[in-house]
Amino acid sequence: IRTALCNLSCSWCDTKYTWDWNHYSYNKEVKEMTLPEIHQNIARFSTKHCVITGGEPLIQQGKLVPLLYSLKHREYFIEIETNGTILPSDEIVKLVDRWNVSPKLANSAMAKDKREVENCLGYFANNSGAYLKFVICNPIDITEVENIVEAYMFNKQRVILMPEGNSPEEILEKSRWLAEICMNKGYILSLRLHTLLWSGTRAK
């Protein structure tokens, strides 16, 4: 389930249609849905695993509470993908099984004070259900990753490195050297499977 709006504007963002209204139409891209409509749409899939993504879902966390309660009632496993700059409420925390936290690095072209919020990253570092996921453009990004992991004493076994890219060729090229880094440092490698399979084509 993809939510609209984001509090960041990363240079390489591949979902700018959720927040960049200078280049995309809000009325065309954003669709308001009721809880029954959401459940009708996701009931088409046999899985009981639901990922709430964005944009930045925690901008709308108050509005998400009824949805998450209804998903839990239907025995869904719930993940939320967040950029780690907004602290989740206690009510949201009780309903989420896993957090995919993606702190932005300097390669995002976002100012550090906007992309690194200490109390938020500190909270997720102490949440056993949280994983850190970093977008990697170049090998020099690894130093910044290590500095963040060390500063917040994050468990390396819950750190994911993902190559930036919008084509299968670009993803595979970066994955070759990134795989070596992950093996040497004990991180997890994510290959952006959706890009490898569909080359960034959006679902209809």
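Visitor: Which residue stands opposite F134 in β5?
Guide: In this predicted model, F134 stands opposite L161 in β5, and helices (H or I, at least four residues) and strands (E, at least two) are DSSP runs, numbered from the N terminus. Residues are numbered from 1 along each chain as its sequence is written, local features need pLDDT of at least 70, side-chain atom pairs count only at pLDDT 80 or more, and totals for chains, interfaces and linings use all residues. Side-chain values use heavy atoms, with hydrogens and water left out.

Visitor: Why are β1 and β6 said to stand at the edges?
Guide: The open sheet of six strands has the order β1-β2-β3-β4-β5-β6, with parallel pairing. β1 (49-52) and β6 (188-189) each have a single partner strand, so one side of each is left without a neighbour in the sheet.

Visitor: Why is β4 called largely enclosed?
Guide: A residue is buried if its relative accessible area is under 20%, exposed if over 50%, and partly exposed in between (1.4 Å probe, protein chains only). Six of the seven residues of β4 are buried, so the strand is largely enclosed by the rest of the structure.

Visitor: Why are α2 and α3 called oblique to each other?
Guide: Axes are lines fitted to C-alpha atoms, for helices over the stretch in contact, and angles run from 0 to 180 degrees between N-to-C directions. Angles under 35 degrees count as roughly parallel, over 145 as roughly antiparallel, 65 to 115 as roughly perpendicular and the rest as oblique. The axes of helix α2 (residues 35-42) and helix α3 (residues 61-73) come within 11 Å and cross at roughly 45°, and the two helices are therefore oblique.

Visitor: Which residues make the contact between α2 and α3?
Guide: Contact means heavy atoms within 4.5 Å, and the residues are L35, I38, H39 and I42 of α2 with P66, L67, S70 and L71 of α3.

Key:
Two strands pair if DSSP finds at least two bridges between them.
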